[in-house]
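Please look over the sequence and the 3D structure below before reading on. The briefing after them is meant for a reader new to this structure.

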Amino acid sequence: MSEITLHESKQPALLPPKEEAIRNDNYKFAMWLYLASEVVLFAILIGGFVIWRVQNPEMVARMHDSLGVGLVSVNTFLLLTSSWSMVMGMREIMRDNVAGMQKWFAATAVLGVIFMVLQYVEYSELAHLGITLDFAGSSTEFAGLGVRFYSATFFHGIHVFVGVIWCLLVMRRAQQGAFSSKRYTGVEVFGLYWHFVDVVWIIIFTIFYLV
Amino acid sequence: MSDHTHNHAPTTETAHETHHDDAHAEVMAETTTLLGRTLPFPLYTVIFGILGILTVAEIVIAELFSSWVKIVVLLAFAIAKAALVVIYYMHLKTDSKIFTLVLLLPVFIVTISLMFLLIVPYGSAY
Amino acid sequence: MASISVPMPGAQSAPRPQLSEYLRWSVDHKIIGVQYMVTALIFFIIGGGLAMLIRWELLTPALDFSTTGSTYNSLFTMHATVMIFMWIIPFWAGLGNYVVPLQLGAKDMAFPWLNAFAFWLIVPAGVLMLMGYFVGPPEAGWTAYPPLSVLFSGDGQTLWIISLHILGVSSILGAINFIVTIKNMRPESMGWFQMPLFAWAQLATSLIQILGIPFLAGGLTLLLLDRVAGTAFFDPARGGDVLVWQNIFWFYSHPAVYVMVLPGMGVLSEVISVHSRKPVFGYKMIAFSSMGIALVGFTVWAHHMFTSLSPELRIPFMITSFIIAIPTGIKIFSWIGTMWGGKIRFNSAMLFSVGFLSQFVIGGITGMMLGAIPVDIHMHDTYFVVSHFHFVLYGGSVFAIYASIYHWFPKVTGRMMDERLGKIHFWVTYLSFFFTFFPQHLVGMQGMPRRVAEYAPEFQTLNVIISLSSFVLGISTFIILYNMVWAVYKGKVAGPNPWRALTLEWQTSSPPPAYNFKGEVIPFEDPYGYGTEASRVYLDEMEQRLTLPSLLGKGGTPPPASTTPEPVVGD
Ligand code: HEM
Ligand SMILES: [Cu+2]
């Protein structure tokens, strides 16, 4: 129906304020519902590791010994910091300071990228130890560990990757003046996603690397 | 009527405005009161500090101790950290309560299933 | 026995969207709803064709046209997958899309673009699924248990996994859209408990999907890794565990059976109340029982695995399986209470609803039997199970789909379906359904296993009865298909509210205009307040407003509704 197509092509900024307020709520609600799904999905992957770990504690201990906690601790701090810079950026946009927001968000994106690089370094180390995704390629010492470890951490890594891309998009839209202290739902929804990825890492860090 | 304020489209606007007032004051302040002391940092930074301290504590505990107590303590720390992020950074504290419900439901359901899978004897003993 | 109301003389149906609008990207929820439903109907025909082949094969104890058991395996695998994931679930998504925003007096869903996107994911998923059949069909059943699904199935199984992944994403996006719409888009005067029960049912369904599908997605991912990346999640020889798949799969799939039936229960609440001209008996109980089913549904999954679990682990699931029958039973009594003493119109929609009730009760009872451990140990993987789930899924969900088609078709197209054909359709379907699936109980109790192409000769008599009835059942489907096509072109003009129903979707023209409502939306205080003077006044007034010439398309000059004879329908 032509009328509807017309309406859809309007810029969001042109919507009257009331509708805008309704939408805000809608978007955040939708994001939370999406995150509810993600909770379940990550729980299966993490749970798969946990159940298996209960059966094979020595193998995990061996991995911890060879790996150390140095690298992964750095990574954890990177993500925590990125979450912090993310909320600080949002705080800036709440006081109409777009340039300030851009700075903090740039930091968030950079921290996300460094996180991925370090994860790659860690994966290479693990591969060196003979921990691989497929069963046949794995060293017998670590048989079956690789897949359970990688499926969860790599799935999280993909989320970081998506988050970085999204962060850049948000920055671009901020550049174009899409956000202000009155309209920053787009930033907030991205924030929900990014913090969620951080929360997942908090859990993964403790369960996969420390316990 | 009070329970409708957040549910119905035409009133959403006002609901939205008011909650932002609450959130604003707390988030925008340059100082934060913690345990009766006033710290010279915004709320978000204080939370970041706590998260950092908890993480360092976790690493120390993990390196120094080894018993089941350690596992319980570490898990408690992780949950505390996750809760801080969710409550403050993700604004559950000030946002609609229905979001909290949306978060707790999957956590509840997942806990049931994982608990079951954990108590099931492994392998041939099914 | 009353029949349908005669549309007002001279009433015109509002202009219908062009056919071409259904074939391209559209963000109008009404277009998307029809797109979903028609796509689903096409898959219904495909799945039905496969069922006919299955029954043909089972006419004799020996292999007939299947050269090997594998051919047969792929038939029932595709049949079940298509029926569950591409017929029933998308149909409900489509009906919800069409009806829910209208019932809430909303202009559209909360996220129109997302809505269209979710629909268009169905298309590639369907293509992949059907392609899988030709590149080396999946053979592990719709449950895809490893090691069958890892070691023995062809490449089609990989496509099957990817296809289900896509469908899962589509369902999650749709479910998010429904929940946000239902919470945020109602008119101010409609509180949670003035909401139509169909919307409640969609809410519960969407919750299940959001919380359940990720289990399936997680499990499918692991299965995919096992198939293509050489991992060994489900391979006991290499440290894996096949039962992990069963747990994950049923953790999704038991709730998923409620995804298939809860919207049907919502349809029943609407249809029975409207056509009995009585308020719903126990509105809140029905609403809460939907939510109760949604939540308790997550605690019963292992009743599908009784034969694989150690004895002490089975008992909790027997108990929860019995508990979940309670909310279902509450609904059934509510519907009977609604009909009790009503001025029932036994038209096609109502007939199929009553048909649902009778068949679903049988399915529920066999469910309870299977939920009892000792019975299940005996019956598991026999035709008794096949019979159970066809009574709930065909006698339940599909009958409810038929009821919904007869009920809402006038709204969607502006035309009435033929009632006489509808009744013929009902009786042929009802009887052939019964004789197709009831004997399966018997043959199952005698020990005929499910999923076999060859069987012991003593089962043949019953199998011939089953197969012959099933052919009639298959053909009966074409009666409604013909009726629909006929009605689109030749059906009587329906007018805005042929059933004199109180919910909001009827308080606009048929089909509704762009953005659904012209002017303000005024819900009646109680969506099921039939039989009161106030409701009669409300309906007359709405009827009058909607048939004003200015609101119709070109040329409609109906008389004022107050002078319109309302021959058969009482309020
Ligand atoms: C009263 C509530 C119900 C109970 C207690 C119940 C119980 C059961 C049990 C114990 C089984 C497993 C049988 C076996 O494999 O040995 C089963 C199978 C099944 N049920 Fe139900 N059921 C109920 C309602 C439903 C409903 C409402 C639906 C769908 C709308 C449904 C769909 C199915 C399906 C599809 C299967 C077969 C799964 C397969 O392929 O193995 N059930 N049911
Ligand atoms: Cu079940």
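Predicted model: local features only at pLDDT ≥ 70, side-chain atom pairs only at ≥ 80, totals over all residues.

Residues are numbered from 1 along each chain as its sequence is written, chains are lettered from A and ligands numbered from 1 in the order in which they are written, and side-chain values use heavy atoms, with hydrogens and water left out.

**Metal sites in chain C**

- Three histidines of chain C are the protein donors of the copper ion (ligand 2): C:H254 through ND1, C:H303 through NE2 and C:H304 through NE2, at 1.9 to 2.0 Å.
- Donors here are N, O and S atoms within 2.8 Å of the metal (3.2 Å for Na, K and Ca); water is not among the atoms, so sites may look incomplete.
- Along the chain, the donors of the copper ion (ligand 2) have the spacing H-x48-H-H.
- C:H254 belongs to helix α7 (residues 242–276) of chain C and C:H304 to the loop between α8 (283–296) and α9 (311–339), so the pair ties together parts that are 50 residues apart in sequence.
- Helices (H or I, at least four residues) and strands (E, at least two) are DSSP runs, numbered from the N terminus.
- C:H254 is buried at 6% relative accessible area, whereas C:H304 is partly exposed at 23%.
- Buried means under 20% relative accessible area, exposed over 50%, and partly exposed in between (1.4 Å probe, protein chains only).
- The iron atom of ligand 1 has a single protein donor, NE2 of C:H388, at 2.1 Å.
- Helix α12 (residues 383–413) of chain C holds C:H388.
- The distance from the copper ion (ligand 2) to the iron atom of ligand 1 is 4.4 Å.

**Residue C:F85**

- C:F85 sits in helix α2 (residues 69–103) of chain C and is buried, with 6% relative accessible area.
- Apart from neighbours within four places in sequence, C:F85 is in contact (heavy atoms within 4.5 Å) with C:P90, C:W142, C:L164, C:L167 and C:Y252.

**Contacts between chains**

- Between chain B and chain A about 4400 Å² is buried, and carbon and sulfur atoms give 79% of that area.
- Buried area is the accessible area (1.4 Å probe) that two parts lose on being put together, summed over both.
- Chain B and chain A have one salt bridge between them, a term for a side-chain nitrogen of Lys or Arg within 4 Å of a carboxyl oxygen of Asp or Glu.
- The side chains of B:D95 and A:K28 meet in a salt bridge, at 3.3 Å from N to O.
- Chain A and chain C bury about 2800 Å², with 73% of it on carbon and sulfur atoms.
- Zero salt bridges are counted between chain A and chain C.

**Chain A**

- Chain A has seven helices and zero strands.
- Of its 211 residues, 59% are buried in chain A.
- In chain A, 78% of the contacts with a separation of 6 or more are between residues 24 or more positions apart.
- The accessible surface of chain A is about 8100 Å², 67% of it belonging to carbon and sulfur atoms.
- Accessible areas come from the Shrake-Rupley method with a 1.4 Å probe, and for residues only the protein chains shown count as cover.
- A nonpolar surface patch is formed by A:F154, A:I158, A:F161, A:V162, A:I165 and A:L169, which together have about 540 Å² of accessible area.
- Patches are made of residues with over 30% relative accessible area and no salt bridge, where like charges are joined within 9 Å and nonpolar side chains (Val, Leu, Ile, Met, Phe, Trp, Tyr) within 5 Å.
- A:F161, in helix α6 (residues 145–175) of chain A, is partly exposed at 47% relative accessible area.

**Chain B**

- Chain B has four helices and two strands, in the order α-β-β-α-α-α along the sequence.
- Buried residues are 44% of the 126 residues of chain B.
- The accessible surface of chain B is about 6700 Å², with 73% belonging to carbon and sulfur atoms.
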